[in-house]
Each structure stands twice: as structure tokens, then as C-alpha cells.
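Subject: Structure for you to look at

Hello,

Here is the structure I promised to pass on. Please open it beside this email and follow along.

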There are 2 protein chains.
Amino acid sequence: MMVLLALIRLGDEAYGVPVARELRAIRGRDVALGSIYAALERLEGKGLVTSSLGEPTPERGGRARRFFRVTKEGLRQVQATRRALMALWRSLPEHEGGKA
Amino acid sequence: MMVLLALIRLGDEAYGVPVARELRAIRGRDVALGSIYAALERLEGKGLVTSSLGEPTPERGGRARRFFRVTKEGLRQVQATRRALMALWRSLPEHEGGKA
DNA sequence: GGCGATTTATTCAACAATGACGAACAAATG
DNA sequence: CATTTGTTCGTCATTGTTGAATAAATCGCC
């Protein structure tokens with residue numbers, strides 16, 4: 001779920017490394033790159049994302065990147081899950097911010 | 001995640017069967033009771049929920065129920081995940097006809 | 001200008017955790 | 001003792017997670 005959302009956010013800069021960075025930032029804890037690629041692999045297998053190899057960039061270590069894009073079906077499923085979660089946490093005693 | 005949210009929603013009527021019903025309703029597909037109990041078991045192992053055995057009810061087949069309650073830590077984690085997801089799908093190209 | 005060190009990026013192999021199910025078991029009432 | 005409500009068990013598939021291996025590019029430098 002979060003990987004799919006990260007891909008959407010990243011748009012056409014969506015490849016392994018930035019996805020990891022994105023998740024690390026938002027979840028506040030580290031995530032190995034291997035995890036990301038494994039997830040992407042499986043998502044592609046299910047047809048929720050597609051991938052295409054880009055061209056190398058003229059930077060030190062700038063080898064070719066594999067870009068990912070969420071498919072129509074992928075977006076559909078993200079939205080379905082989003083709706084389900086929304087419905088469930090409507091009654092959540094949220095905004096715990098200052099108190100506990 | 002969804003099991004935790006269902007427990008919160010159900011309040012003091014939170015035991016296996018209603019949780020399954022809740023999820024079935026919101027996700028639109030069936031879920032085996034065994035799955036629910038397995039999840040509850042694991043959540044309790046992690047200290048995210050506690051359980052207590054209730055008294056039998058005077059109905060046909062009204063055997064004792066095992067009630068579950070989300071712990072402080074459980075609530076904390078639910079909210080953390082909620083925040084992370086919220087942050088991620090801020091840029092989601094949704095809102096296209098809320099007709100579902 | 002060639003060659004190894006360095007950097008960015010992806011792939012691989014393995015294992016732990018979670019999701020899911022059907023069947024077995026338990027305890028109540030009729 | 002048949003039926004009903006509820007929980008537990010055994011098992012397998014899927015997903016999460018990691019560390020190490022591999023790949024492909026540039027840089028320094030002689």
C-alpha cells in the first residue's frame with residue numbers, strides 16, 4: 001500500500017531509491033532497499049505497477065534506473081483500500097496530539 | 001490494522017464474530033473467523049490488545065465470549081499508521097465522483 | 001587511455017511475520 | 001443428544017525484511 005502511494009507521489013522520478021527515501025521519511029524508520037524491490041517485483045507480478053528501464057545519467061555511479069508506474073488497476077485498489085480505512089477510522093478518537 | 005480499527009469501533013461488544021462481520025461489511029468480501037482469531041492472537045502477543053473472558057449469555061449456544069480491547073500502545077500505533085497514510089495519499093488523484 | 005576505487009542502482013537468497021482457510025473442539029440451550 | 005454460538009488448531013500462501021552479491025556508470029591518476 002505505502003509503496004504504491006509513494007510511487008504515485010514521486011511521479012516520473014519513481015524508482016527504487018527515492019521510494020525508500022520517501023517511506024523512511026514518512027514512517028520515521030529505516031527500510032532496506034531489498035524490501036522495496038521485492039515489493040515492487042510482487043506488485044508488478046500482480047499487474048498493479050509496470051516498469052521500464054531508463055537511460056543512464058551522466059553522474060558518478062549514474063547507472064540506468066528502473067522506473068515504476070502505477071497501473072489503472074493499481075490505482076483502483078489503492079482507492080478501494082483507502083475508502084475502507086477511511087470508513088473504519090471515522091470513529092477513531094484521534095487528535096491525541098497534546099493528551100494521552 | 002483493520003482488525004484494530006474494528007475493535008475500536010465495536011467498543012465493549014468487541015469479540016471474534018462481530019469483528020469478522022464488521023470487516024466483511026466494509027471490505028465487501030468474506031473473511032474466515034480463523035483469520036480474525038489468528039490476528040487477534042498476534043496482536044495480543046505484541047501488546048496491542050488485551051483480552052478477557054466474558055460470561056456465558058442465556059441464549060441458545062450462548063457460550064462465553066472472549067472480549068478484546070485495544071491498549072494504549074495499540075491506539076498509538078494505529079494513529080501513527082493513520083498519519084503516515086494520510087501524509088502519503090494527500091497527493092492522490094482521487095475525488096473523482098464520490099459515488100463509489 | 002586504461003584501470004581500479006568509488007558511487008548509484010538493482011538483483012538474489014533466505015528467513016520471519018502476517019493473512020487466510022477449513023476442520024476440530026468447547027460450551028451453552030432446547 | 002442435536003443445534004447453535006464461539007474459540008482454537010494445523011497448515012499453507014503471501015508479504016515484509018534483511019544482508020550480500022552483482023551491475024554499470026564516473027573519477028582519479030599514473
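At what angle do helix H1 (residues 2–10) of chain B and H2(B) pack? The angle is about 110°, and their axes are 9 Å apart.

Before going on, some ground rules. This is a predicted model: local features need pLDDT of at least 70, side-chain atom pairs count only at pLDDT 80 or more, and totals for chains, interfaces and linings use all residues. Residues are numbered from 1 along each chain as its sequence is written, while chains are lettered from A and ligands numbered from 1 in the order in which they are written.

Helices (H or I, at least four residues) and strands (E, at least two) are DSSP runs, numbered from the N terminus. Axes are lines fitted to C-alpha atoms, for helices over the stretch in contact, and angles run from 0 to 180 degrees between N-to-C directions.

The angle of about 110° makes H1(B) roughly perpendicular to H2(B). (Under 35 degrees counts as roughly parallel, over 145 as roughly antiparallel, 65 to 115 as roughly perpendicular and the rest as oblique.) H1(B) passes H2(B) in a right-handed crossing. (Right-handed: the near helix is turned clockwise from the far one by less than a right angle; left-handed: anticlockwise.)

Which residues make this contact? From H1(B) come B:Met2, B:Val3, B:Ala6, B:Leu7, B:Arg9 and B:Leu10. Two residues are in contact if their C-beta atoms, placed from the backbone, lie within 7 Å. By class, this contact has eight nonpolar, no polar and two charged residues. (Nonpolar: Ala, Val, Leu, Ile, Met, Phe, Trp, Tyr, Cys and Pro; charged: Asp, Glu, Lys and Arg; polar: the others, Gly among them.)

Now take H2(B), residues 16–27, with H3(B). Their axes come within 9 Å and cross at roughly 110°. H2(B) and H3(B) are therefore roughly perpendicular to each other. This crossing is right-handed. B:Gly16, B:Val19 and B:Ala20 of H2(B) meet B:Leu33, B:Ile36 and B:Tyr37 of H3(B). Five of these residues are nonpolar, one is polar and none is charged.

Chain A has four helices and two strands. From the N terminus on, they run α-α-α-β-β-α. The C-alpha trace spans about 50 × 30 × 20 Å along its principal axes.

In the contact between chains, 19 residues of chain A touch 18 residues of chain B. Helix H1 (2–10), H2 and helix H4 (72–88) of chain A each supply at least two residues of chain A's side. H4(A) gives the largest share, seven residues. That side has eleven nonpolar, two polar and six charged residues.

**The DNA**

A residue is near a strand if its C-beta atom, placed from the backbone, lies within 6 Å of it.

DNA strand D has 29 residues around it, with A:Gly34, A:Ser35, B:Gly16, B:Tyr37 and B:Gly61 nearest. Here the largest share, five residues, comes from H3(A). The surface near DNA strand D has twelve nonpolar, eight polar and nine charged residues.

Best wishes
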